[in-house]
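Thanks for coming, everyone. I'll take a few minutes to walk through one model, starting with charges and ending with the surface. Have the structure open as I go.

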Amino acid sequence: MHKHDAAARKLFGIPYEELDESARKVMHHMAGRTHIARDVSKDYAEKTSRGQRAADAVAAFGGSWFFIGLFAATMLAWISLNSLVLLHYDKAFDPYPYILLNLVLSMLAAIQAPIILMSQNRQAEKDRLNAQHDYEVNLKAELEIMLLHEKMDMLREGQWNMLLDLQKEQLALLTRLNEQKDPRN
């Protein structure tokens, strides 16, 4: 924990205990030098129930062009069949204004709407988890970049000191050489 606290104070300016959950998670990964990236969708998919998967399947099917085509074909068939039966036998099982068809459509909408809403809620939760994970990955990357800048600054400063020492030595050598050549000495 001491290692985490020192890193938190250095990078965030506050103790480890005062960090939020995401920052603590990032500090843990940084201190352990482990990667933080993972497949959030895969993790989330492993926790879904059969009903949740069914809701997603119904929403995917209900929001497809195939469903729209099938729906339109069914309605046209229903109306055509009723109209033909009405024309030939003067009696249809669902005559115009197609009250039975309206009832079936209303029931379909009443069942399909909450299922689609459940699927959308799950997708929103999945999106929140992805956003949280993206934040953690970005925070770790930002902190790692800060540490790299710090290391580069230290290396550059060390090189400057080394160059200054080398230049002092060269100046001293030049001074001695100048003194040896100078006939007044």
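A salt bridge here is a side-chain nitrogen of Lys or Arg within 4 Å of a carboxyl oxygen of Asp or Glu. Keep in mind that this is a predicted model.

Now apply that cut-off. Arg 122 and Asp 56 join their side chains in a salt bridge, at 2.4 Å from N to O. Arg 122 sits in helix α6 and Asp 56 in helix α4, so this pair ties together parts that are 66 residues apart in sequence. Are the two partners buried or exposed? Arg 122 is buried, because its relative accessible area is 12%. Asp 56 is partly exposed, at 25%.

How many salt bridges does the whole structure hold? The search finds 7.

Here is another of them. Lys 10 and Glu 150 meet through their side chains, 2.7 Å from N to O. Lys 10 belongs to helix α1 and Glu 150 to helix α6, so the pair ties together parts 140 residues apart in sequence. Glu 150 has 33% relative accessibility, so it counts as partly exposed.

Next, a pair inside one helix. Asp 153 forms a salt bridge with Arg 156, with the closest N and O atoms 2.7 Å apart. The two residues are 3 apart in helix α6, so about one helical turn separates them. Asp 153 is partly exposed, with a relative accessible area of 38%. Arg 156 is partly exposed as well, at 45%. There is also a network: salt bridges that share partners join Arg 33, Lys 140 and Glu 144.

Let me stay with Arg 33. Its place is in the loop between α2 and α3. Arg 33 follows α2, and its phi is positive. The value is near 55°, in a residue other than glycine. Arg 33 is exposed, because its relative accessible area is 60% and the cut-off for exposed is over 50%.

What about α2 itself, which residues there are buried? They are Ser 22, Ala 23, Val 26, Met 27, His 29, Met 30 and Ala 31.

The largest pocket has a volume of about 240 Å³. It is lined by 14 residues, and the closest to its centre are Lys 10, Met 30, Arg 33, Leu 147 and Lys 151. Which elements give two or more residues to the lining? They are α1, α2 and α6. The largest share comes from α6, with 6 residues.

Arg 38 lies between α2 and α3. Arg 38 and Val 137 are 99 residues apart in sequence, yet their C-alpha atoms are 9.5 Å apart in space. Arg 38 is partly exposed, with a relative accessible area of 39%.

Now some backbone detail. Look at the loop between α5 and α6, where Pro 97 is found. The peptide bond from Tyr 96 to Pro 97 is cis, with omega near 15°. Tyr 98 lies in that loop too. Its phi is near 55°, a positive value in a residue other than glycine. Is Tyr 98 buried or exposed? Tyr 98 is buried, because its relative accessible area is 13% and buried means under 20%.

Another loop, this time between α4 and α5. Ser 64 is placed there. A polar atom of the Ser 64 side chain lies 2.7 Å from the backbone oxygen of Phe 61. The Ser 64 side chain also has a polar atom 3.2 Å from the backbone nitrogen of Phe 67.

Last, the surface. Leu 81, Phe 93, Leu 100, Leu 103, Val 104 and Met 107 make a nonpolar surface patch of about 530 Å². Which helix gives the largest share of the patch? Helix α6, residues 99-181, gives 4 residues. Val 104 is found in that helix. At 35% relative accessibility, Val 104 counts as partly exposed.

That's the tour. Questions are welcome.

Definitions and conventions: Residues are numbered from 1 along each chain as its sequence is written. This is a predicted model: local features need pLDDT of at least 70, side-chain atom pairs count only at pLDDT 80 or more; totals for chains, interfaces and linings use all residues. Side-chain values use heavy atoms; hydrogens and water are left out. A polar contact is a pair of N or O atoms within 3.5 Å; within protein, one must be able to donate a hydrogen and the other to accept it, and residues adjacent in sequence count only if both atoms are side-chain atoms. Patches are made of residues with over 30% relative accessible area and no salt bridge: like charges are joined within 9 Å, nonpolar side chains (Val, Leu, Ile, Met, Phe, Trp, Tyr) within 5 Å. Accessible areas come from the Shrake-Rupley method with a 1.4 Å probe; for residues, only the protein chains shown count as cover. Buried means under 20% relative accessible area, exposed over 50%, partly exposed in between (1.4 Å probe, protein chains only). On a 1 Å grid over the protein atoms alone, a cavity is a set of points where a 1.4 Å probe fits but cannot get out, and a pocket is an open set with protein on both sides within 12 Å along at least five of seven lines; lining residues have an atom within 4 Å of a point. Grid points are joined across faces, edges and corners, and a volume is the space filled by probe spheres set on the points.
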